[in-house]
Every structure is written in structure tokens, then in C-alpha cells.
Amino acid sequence: MRGRFTRDVTIPYLVAGLVTLVTGLFVERIMIVWTVGLAVFFGLRWWLGAM
């Protein structure tokens, strides 16, 4: 009974941890791409404006 209870509690925590990890990596990647994209966009705009 006790072993089953621990397993039933552990699995959702493992799943939640995995989801958090994957989401974290995904969000981090989006943020990096977003930042680089904005930097390139504004850099190009500034460069074209300076020409």
C-alpha cells in the first residue's frame, strides 16, 4: 500500500519535472532567437538608415 502510494506520487512529479525542463529549454531557445532576431532587425535598420 505504502509503496504504491509513493509510486503514484512520484510519477506525476517526474512528469511535471520533465515538462518544466522541456518548456524551459524551449522558452530559452525562443528568447535567444527573439533577441538575436531583434538585434539583427534593428542593426539592419540602423545600418540602412546610416547609408
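A residue is called buried under 20% relative accessible area, exposed over 50% and partly exposed in between, with a 1.4 Å probe and protein chains only. The model is a predicted one, in which local features need pLDDT of at least 70 and side-chain atom pairs pLDDT 80 or more, while totals for chains, interfaces and linings use all residues. Residues are numbered from 1 along each chain as its sequence is written, and side-chain values use heavy atoms, without hydrogens and water.

The chain holds 1 helix and 0 strands (DSSP runs of H or I with at least four residues, and of E with at least two). Of its 51 residues, 0% are buried. Carbon and sulfur atoms contribute 77% of an accessible surface of about 5100 Å² (Shrake-Rupley, 1.4 Å probe).

Trp-46 sits in helix α1, residues 2-50, and is exposed at 64% relative accessible area. Together with Ile-32, Val-36, Val-40, Leu-44, Trp-47, Leu-48 and Met-51, Trp-46 makes a nonpolar patch of about 940 Å² (residues with over 30% relative accessible area and no salt bridge, nonpolar side chains joined within 5 Å). A salt bridge here is a Lys or Arg side-chain nitrogen within 4 Å of an Asp or Glu carboxyl oxygen.

Now to the rings: 1 aromatic pair is counted (centres within 6.5 Å; planes under 30 degrees apart stacked, over 60 edge-to-face, the rest tilted). Phe-41 and Phe-42 have ring centres 5.4 Å apart and planes at 70°, so the pair is edge-to-face. Phe-41 is partly exposed at 44%, and Phe-42 is partly exposed at 45%.

Key. Phe/Tyr/Trp six-rings, centres within 6.5 Å; stacked < 30°, edge-to-face > 60°. Patch = residues over 30% accessible without salt bridge, like charges linked within 9 Å, V, L, I, M, F, W, Y side chains within 5 Å.
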